Amino acid sequence: VRTCTITPVRHRPGKVTWSPGLTGLRRARAALVGTCRAGAASAATIAEEIAAVEKIRGLKFTGPVNTVELDRKDLPAHLRRQFEKSLPYSIGEWGDVMRALRLIDQKDTDEAIVSSLLDLYHSQVLAYYDSPSKTFYTIRQLPEALQSMPMNGMLDAGINVHELTHALQDQHFQIGDRDLALGDDTDANLAYHAVIEGEASLVML
């Protein structure tokens, strides 16, 4: 695990480094994917993606973005800790709720369900923003299924922009606190997530 802090780049008026959308993000893949992979070069890539988010969204980050790079082999254990931390009750109780709602097979064990869920995350996650810790996580390697895809660099850069938009939202609108406040109101929570995810997807595109 490597950790660094990326400070938003402030360009002079008239100096535009990034154009909106993924066309401008294509250059982010020129050298390396992720954060702190090779020191200043990869940190500069994330800084430019931050600048792209600011330009597209029309808001400035209010402070640095704490960034952590994970090796994909360490991701399952990290995801399990994040999953357990996010639950308002034990994994056993979560399993009981899922079975009561008929969302999982009655014969499946709690561990089997959690492992299947984490395997799915592991096969898809490229990066994510964790609002409780105010941290943007990037994964050093692409998932195996995506490594042979054409233009996988643009996909990776696009996901970074999506997740960095969540960091921007959190700095301005405290989306993590709001999410917790709506924890007991399912409809309001779903509507709120539709707004923040929709905005991040729009910025990414």
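Me: Accessible areas come from the Shrake-Rupley method with a 1.4 Å probe, and for residues only the protein chains shown count as cover. What does the accessible surface of the protein chain come to, and what share belongs to carbon and sulfur atoms?

Reply: This is a predicted model, in which local features need pLDDT of at least 70 and side-chain atom pairs count only at pLDDT 80 or more, while totals for chains, interfaces and linings use all residues. Residues are numbered from 1 along each chain as its sequence is written, and side-chain values use heavy atoms, with hydrogens and water left out. The protein chain has an accessible surface of about 11,100 Å², and the share of carbon and sulfur atoms is 57%.

Me: Where in the protein chain is confidence lowest, and where is it highest?

Reply: Confidence in each residue is given by the predictor as pLDDT, from 0 to 100. Its mean over the protein chain is 77, with 75% of residues at 70 or more. Helices (H or I, at least four residues) and strands (E, at least two) are DSSP runs, numbered from the N terminus. The lowest mean, 33, falls in helix α1 (residues 22-25), and the highest, 93, in helix α8 (residues 186-204).

Me: How many helices and strands does the protein chain have?

Reply: Read from the N terminus, the order of elements is β-α-α-β-α-α-α-β-β-α-α-α. The secondary structure therefore comes to strands and helices as DSSP runs. The count for the protein chain is eight helices and four strands.

Me: Is Ile196 buried or exposed?

Reply: Ile196 lies in helix α8. Buried means under 20% relative accessible area, exposed over 50%, and partly exposed in between (1.4 Å probe, protein chains only). Ile196 has a relative accessible area of 10%, so it is buried.

Me: Which residues does Ile196 touch, leaving out those up to four places away in sequence?

Reply: A contact means heavy atoms within 4.5 Å. With the residues up to four places away left out, Ile196 touches His166, Gln169 and Ile175.

Me: How are helices α4 and α5 placed relative to each other?

Reply: Axes are lines fitted to C-alpha atoms, for helices over the stretch in contact, and angles run from 0 to 180 degrees between N-to-C directions. The axes of α4 (residues 91-100) and α5 (residues 110-124) come within 9 Å and cross at roughly 90 degrees. Angles under 35 degrees count as roughly parallel, over 145 as roughly antiparallel, 65 to 115 as roughly perpendicular and the rest as oblique. The two helices, α4 and α5, are therefore roughly perpendicular.
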